[in-house]
Amino acid sequence: MALEVTWAADFRNLPPLPRALWGDGDQILWARGEALLVASPPNVGKTTLAQRLAIARADGASFLGFSTERTARCIYVAIDRPWQARYSLARMIDQPQADALGERLGFVDALPYDPIHRPNLFAADLQRLGATTCILDSLNQATGEVVDDAAGGRIVAAIRTVLAADIDLAILHHMRKAQPHAPPPNSLDDVVGSGKIAQAVGSVLVLWGRPGADLLTLYHRKQ
């Protein structure tokens, strides 16, 4: 692969803001060329949030009051409780919408390898499926190693490999288990694992609330 160079003389031709895959104006929740990380304590609802986002991206519809850019094909990779995730997604889509989406939204639930240790194979499989967007649910189930910086380095490399394949990437991950009535985290240090994980993505959203609650709050902790 040949190196591509952008010279300093061309910097002024860059757009003032990155292209928003999800967002409006300078309020960008997910930017082109940057991965999105959605984190929450266990069982708060990040799978539901991510599946709604996947449908919106495949449909080019707004989500939570922000526009999404329609993607040619979104592949939802459900490693964490795949059967539950499959039925959850199916319940969100009625038959007319399923017919309209066609093959723009797909579901994968059985990776025969660790995508973090074999990122080139993962990116190649996504390309073979025609994916332009991938949502990985979730990082802690995709690989058994997230804590030390060596593991963090592998995760960073895997994220960059998928992005380099021209595939938009969103990743679900855990926050440390919240105590009852604990305030929402203000620091990315509460994301489980190496600090390199949050550093490697362009945007971090934190979904906060009690498991089973009717009302949850979504914080944009890294813009």
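**View 1. The buried residues of helix H2 pack against H1, S4, helix H3 (95-101) and strand S5 (105-108).** The model shown in this and the following views is predicted. Helix H2 spans residues 82-92, and its buried residues are Pro 82, Ala 85, Ser 88, Leu 89 and Met 92. These residues cover an arc of only 125° around the axis, which puts them on the same side of H2. In an α-helix there are 3.6 residues a turn, so residues three or four places apart point the same way. Trp 83, Tyr 87 and Arg 91 are exposed, on the face of H2 turned away from its buried side.

**View 2. Gln 51 is a residue of helix H1 (residues 46-59).** The relative accessible area of Gln 51 is 0%, and because the limit for buried is under 20%, Gln 51 counts as buried. With neighbours within four places in sequence left aside, Gln 51 is in contact with Tyr 76, Ala 85, Ser 88, Leu 89 and Met 92. Ala 85, Ser 88, Leu 89 and Met 92 are also among the buried residues of H2.

View 3. Asn 43 is exposed, with a relative accessible area of 52%. Arg 81 is not a glycine either, yet has a positive phi of about 50°. Its relative accessible area is 41%, and Arg 81 is partly exposed.

**View 4. Helix H4 (residues 119-128) packs with helix H6 (residues 149-164).** Two packed helices are described by the angle between their axes and the distance between the axes. For H4 and H6 the angle is about 30° and the axes are 9 Å apart. Angles under 35 degrees count as roughly parallel, and H4 and H6 are therefore roughly parallel to each other. Their crossing is right-handed. The H4 residues Pro 119, Asn 120, Phe 122, Ala 123 and Leu 126 meet Ala 158, Thr 161 and Val 162 of H6. Six residues of this contact are nonpolar, two are polar and none is charged.

**View 5. Pro 119, Phe 122, Ala 123 and Leu 126 are the buried residues of H4.** They cover an arc of only 95° around the axis, which puts them on the same side of H4. Strand S4 (74-78), strand S6 (133-137) and H6 are included in what covers these buried residues. Asn 120 and Arg 128 are exposed on the other side of H4. Just after H4, Gly 130 has a positive phi of about 80°.

**View 6. A cis peptide bond runs from Asp 137 to Ser 138.** Its omega is near 5°. Ser 138 belongs to the loop between S6 and helix H5 (139-142).

**View 7. Ser 194 lies in the loop between strand S7 (168-174) and helix H7 (195-200).** Ser 194 is buried, with a relative accessible area of 4%. Leaving out neighbours within four places in sequence, the contacts of Ser 194 are with Val 146, Val 147, Asp 148, Asp 149 and Gly 152. From C-alpha to C-alpha, Ser 194 is 16 Å from Leu 36, and the two are 158 residues apart in sequence.

Methods. Residues are numbered from 1 along each chain as its sequence is written. This is a predicted model: local features need pLDDT of at least 70, side-chain atom pairs count only at pLDDT 80 or more; totals for chains, interfaces and linings use all residues. Side-chain values use heavy atoms; hydrogens and water are left out. Axes are lines fitted to C-alpha atoms, for helices over the stretch in contact, and angles run from 0 to 180 degrees between N-to-C directions. Helices (H or I, at least four residues) and strands (E, at least two) are DSSP runs, numbered from the N terminus. Angles under 35 degrees count as roughly parallel, over 145 as roughly antiparallel, 65 to 115 as roughly perpendicular and the rest as oblique. A crossing is left-handed if the near helix is turned anticlockwise from the far one by less than a right angle, and right-handed if clockwise. Contact means heavy atoms within 4.5 Å. Ala, Val, Leu, Ile, Met, Phe, Trp, Tyr, Cys and Pro count as nonpolar, Asp, Glu, Lys and Arg as charged, and the others, Gly among them, as polar. Buried means under 20% relative accessible area, exposed over 50%, partly exposed in between (1.4 Å probe, protein chains only). The arc is that of the directions from the helix axis to the C-beta atoms.
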